[in-house]
Amino acid sequence: MQSAAQAAKEDPQVPHTLDATAVRTWCSLALDALGRDREEIDAINVYPVADGDTGTNLYLTVESAAQAVEAVFDAHATGTSVPDLPDTVRAMAHGALIGARGNSGTILAQLLRGMAEVLGEARDKTADGGVSGAGGAVEGGGDHLARALRRAAQLAREAVAHPVEGTILTVASAAADAAARATDDGAGGAGHDGAAYCGDGAAVHAAYDGARVALDATPGQLAVLGRAGVVDAGGRGLLAVLAALVEAVTGDAPSLVAPGTRPHELPAVVDSRAADDSPVGPAFEVIYLLETDEAGVARLRRRLDALGDSLVVVGGDGLWNVHVHVDDAGAAVEAGVEAGRPYRIRITHFGAAAGHRRERAQRAVVAVVPGEGLAGLCAEAGATTVLARPGEPPASGELVDAIRRAHAHEVVILPNDAELRHTAAAAAEQARAEGIRVALIPTRAAVQGIAALAVHEPDRRFDEDVVAMTSAAGATRYAELAVAERQSWTTAGICQAGDLLGLIDGDVAVIGAELASTAEAVLNRMLSAGGELVTLVLGEDVPDALAERLERHVRDGHLAVDTVVYRGGRQSVPLLIGVE
């Protein structure tokens with residue numbers, strides 16, 4: 001089947017439209033372009049945080065979008081037809097939404113959603129008698145594509161709490177304005193090889209040219225860019241995506257550098273002093289998917305806007321991607337819990353020099369945690385966290401992604417679950433193949449991970465740190481209280497459905513009918529062998545009164561033992577206990 005790009009190369013004088021096959025080609029070309037330019041874009045990333053990951057985040061966002069488009073085409077592989085344009089662009093937008101990374105990646109996802117809204121409407125119009133091209137494309141002289149770019153720019157601005165000029169938003173608006181002018185003129189336009197284009201070809205060429213001019217102007221709009229002598233990294237990534245769109249529709253691959261303009265490349269190292277006049281920003285980046293309604297999102301925006309900055313909330317129809325920079329990562333996650341159901345939570349610590357270019361750290365810790373509360377706690381202790389959702393343990397790919405986000409030469413992994421040991425080992429092997437030194441500490445419970453993290457000292461030798469953390473984890477006995485789902489034989493006798501089970505080191509030791517008394521019985525057994533510190537991690541629905549009762553119980557029976565209490569948030573069991 002001939003693509004739009006191939007047809008355009010053969011006869012650039014005829015109108016060409018953005019059909020489903022062209023969208024597929026666009027995703028592939030954009031992914032290739034961002035793969036080539038990723039390091040360059042990372043290098044010029046100085047705003048909003050100079051953490052050197054904009055190119056990587058855009059690449060991962062487009063990768064998710066491309067995978068979603070391929071899935072739609074795979075579903076049609078056994079037939080003779082191809083997907084239509086609306087289904088394809090909606091798949092692309094949804095893939096970008098669920099895979100969006102970082103500030104620019106989240107905005108790009110919303111740009112694609114805006115395009116999908118307009119191009120999706122085209123199907124309804126053609127169903128009512130409009131003219132439809134191959135692959136579901138709608139003939140419209142480029143007008144529908146110009147409107148799609150306009151809607152994309154509009155939605156992206158609405159998604160950002162405090163839009164700033166000189167960023168990807170400025171570049172997107174300029175692209176939309178230029179495409180609108182080209183279609184209003186109706187005269188078509190010339191490609192970069194001198195060929196004349198009309199229809200969508202003219203619109204995409206105009207959009208690209210407008211974006212390129214706007215990108216070159218960004219250092220004059222945003223002081224931090226001017227001081228560093230670079231263009232906006234997010235805008236530079238968007239230009240690569242638009243260049244791929246031009247090639248997918250017309251077959252003309254535009255140069256990212258026009259004659260007479262300065263290149264968008266940068267020397268190998270950006271002078272970190274360029275950002276010295278910028279205020280130091282929040283310490284954490286928090287990203288999660290959220291299931292909620294419009295009212296819930298409105299409440300969430302207000303809450304997160306008061307907590308931090310760089311707030312971007314994108315999506316719709318009940319599913320949203322939330323991105324914010326904050327100092328209190330736990331509060332940002334709790335705001336999501338109050339608004340709806342957050343999942344795929346990622347918390348990244350920018351490091352002590354937040355607001356400056358982040359160099360690769362010498363050492364980092366990656367911890368799997370069972371609840372949002374512990375995710376915030378571990379992140380504040382400097383760990384990169386992976387949330388283990390009830391019934392949905394993380395895959396090795398999620399752990400590898402967390403290791404990469406930790407951005408360190410040496411990484412310690414705390415799986416905090418005996419069932420994840422092999423998954424964590426596979427992730428460690430992959431990371432080692434990428435040149436990262438990795439140690440896996442076989443923690444079997446979150447309380448063991450907390451104990452290990454408490455003695456972590458990144459300034460001592462790697463082997464010494466791993467030994468100390470392993471020793472602390474091994475010296476921590478762990479227990480959990482769970483609810484029996486059915487009648488069963490256990491090491492403590494027969495339990496009935498609904499009974500409280502007290503599991504110590506993985507084995508059922510106590511069967512009870514009530515949470516507090518069962519927890520006290522478990523504590524008595526654990527402390528009979530001695531202990532210095534009791535750690536209690538309460539589930540989302542467990543009242544504070546239980547923690548107070550258990551603290552009194554420990555104090556009354558063991559004067560020398562201290563107790564600490566944490567809120568775990570939504571986790572699979574109501575109570576976790578650790579005794580060191």
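Before you click: the model is predicted, so local features need pLDDT of at least 70 and side-chain atom pairs count only at pLDDT 80 or more, while totals for chains, interfaces and linings use all residues. Residues are numbered from 1 along each chain as its sequence is written, and side-chain values use heavy atoms, with hydrogens and water left out.

**Stop 1: the largest pocket**

A pocket here is an open set of points on a 1 Å grid over the protein atoms alone, with protein on both sides within 12 Å along at least five of seven lines; a cavity is a set where a 1.4 Å probe fits but cannot get out, and lining residues have an atom within 4 Å of a point. Points are joined across faces, edges and corners, and the volume is the space filled by probe spheres set on them.

Next, colour helix 3 (54-75), which brings seven residues, the largest share of this lining. Helix 14 (396-406) and strand 9 (408-414) are among the other elements that supply at least two each. Helices (H or I, at least four residues) and strands (E, at least two) are DSSP runs, numbered from the N terminus. By class, the lining splits into 12 nonpolar, 14 polar and 20 charged residues. Ala, Val, Leu, Ile, Met, Phe, Trp, Tyr, Cys and Pro count as nonpolar, Asp, Glu, Lys and Arg as charged, and the others, Gly among them, as polar.

**Stop 2: the second largest pocket**

Now pick Asn416, Asp417, Arg444, Glu480 and Ser572, which lie nearest the centre of a pocket lined by 32 residues. Its volume is about 760 Å³. Strand 11 (477-483) gives the most to the lining, five residues. Here the tally is 21 nonpolar, five polar and six charged.

**Stop 3: the largest cavity**

Time to go inside. There are six cavities of 30 Å³ or more, and the largest has a volume of about 120 Å³. Show Leu111, Met115, Leu149, Leu238 and Leu242, the ones nearest its centre out of 14 lining residues. What classes of residue make up the lining of this largest cavity? You'll find 14 nonpolar, no polar and no charged residues. Helix 5 contributes the most, with four.

**Stop 4: the second largest cavity**

Select Pro48, Asp51, Asp53, Thr54 and Asn103, nearest the centre of a cavity lined by 15 residues. The second largest cavity has a volume of about 100 Å³, and its lining has four nonpolar, eight polar and three charged residues. Helix 5 is again the main contributor, with three residues.

Stay on Thr54, which sits in helix 3. It counts as buried because its relative accessibility is 7%, and buried means under 20% relative accessible area (1.4 Å probe, protein chains only). Its side chain makes a polar contact of 3.2 Å with that of Asn45; such a contact is a pair of N or O atoms within 3.5 Å, where within protein one must be able to donate a hydrogen and the other to accept it, and residues adjacent in sequence count only if both atoms are side-chain atoms.

**Last stop: a ring**

Finish at Phe73, where Arg24 lies over the ring face, 4.3 Å from the ring centre. The rule is NZ of Lys or CZ of Arg within 6 Å of the centre and within 35 degrees of the ring normal.

Methods
Buried < 20%, exposed > 50% of the residue type's maximum accessible area, 1.4 Å probe, protein only.
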